[in-house]
Amino acid sequence: MSQVQVTTTINGDPVEYACETEDTLLDVLRDRLGMTGSKEGCGSGDCGACSVMLDGALVCSCLVLGVEAEGSQIETVEGIAHQDKLHVIQEKFLEHAALQCGICTPGLIVSTKALLEENPHPTEEEARYYLAGNLCRCTGYDKIIKAVMDAADVMRQGA
Ligand code: FES
Ligand code: FES
């Protein structure tokens, strides 16, 4: 099959790739670019494990075609830490033990960052509502929400 050449920016770096027209952005990230941080939980837009930012919007990368990303700015979980320094959201997930198997974690980190950029003062209810599309089958969510609220506190203090 003929492949399509796509030019994007991923985590601030120019990236070109060739993909089949039916490849999802998640396929491209994981299988063509080796960026395996984004996970495939369901492949149908139901679990949020594949969450990335596409031109400033939070999307399920399993529902976006690789060819649709032409000219786009993509942010993935790999771009959230600054070199060796974890983002405060990542630190708080670790501190609160807000993960077990870890499949949901990259998507939750990306979605939490989107939440806190949009709403730096979320109530617990707002945080739970915003993150409702990110399913976790292990933790029961309480530790995740504690980590999110704690990260929000620290980020408001300018960390
Ligand atoms: S893998 Fe994309 S939403 Fe589940
Ligand atoms: S830690 Fe296993 S699904 Fe969330």
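These legends describe close-up views of a predicted model.

**View 1. An open sheet of 5 strands.** The strands follow the order β2-β1-β5-β3-β4. Their pairing is mixed. At the edges lie β2 (13-19) and β4 (57-60), each pairing on one side only. From one strand to the next, the twist averages 40°. Strands of a sheet pair through backbone hydrogen bonds, either parallel or antiparallel.

**View 2. The pairing of β3 with β5.** Strand β3 covers residues 51-54, and strand β5 covers residues 73-75. The two pair in the antiparallel sense, over 2 bridges. Met53 has Glu75 of β5 as its bridge partner.

**View 3. Helix α1 on the sheet.** Helix α1 spans residues 25-32 and packs on the sheet. This helix touches β1 (4-10), β2, β3 and β5. The direction of α1 makes about 100° with that of β2.

View 4. Helix α3, residues 105-118, lies across β3, β4 and β5. Helix α3 runs at about 40° to β3.

**View 5. The largest nonpolar core.** This core holds 22 residues. Ile89, Phe93, Leu108, Ile109, Leu116, Ile144 and Val148 touch the most other members. Helices α2 (88-95), α3 and α5 (142-156) each supply at least two residues of this core. In soluble globular proteins, nonpolar side chains tend to be buried together.

**View 6. The surroundings of Ile89.** Neighbours within four places in sequence are left aside here. Beyond them, Ile89 is in contact with Ile109, Thr112, Lys113, Leu116, Ala151 and Met155.

How values were computed:
Residues are numbered from 1 along each chain as its sequence is written. Chains are lettered from A and ligands numbered from 1 in the order in which they are written. This is a predicted model: local features need pLDDT of at least 70, side-chain atom pairs count only at pLDDT 80 or more; totals for chains, interfaces and linings use all residues. Side-chain values use heavy atoms; hydrogens and water are left out. Two strands pair if DSSP finds at least two bridges between them. Helices (H or I, at least four residues) and strands (E, at least two) are DSSP runs, numbered from the N terminus. Axes are lines fitted to C-alpha atoms, for helices over the stretch in contact, and angles run from 0 to 180 degrees between N-to-C directions. Contact means heavy atoms within 4.5 Å. A nonpolar core is a set of buried Ala, Val, Leu, Ile, Met, Phe, Trp, Tyr and Cys residues joined through side-chain atoms within 4.5 Å. Buried means under 20% relative accessible area, exposed over 50%, partly exposed in between (1.4 Å probe, protein chains only).
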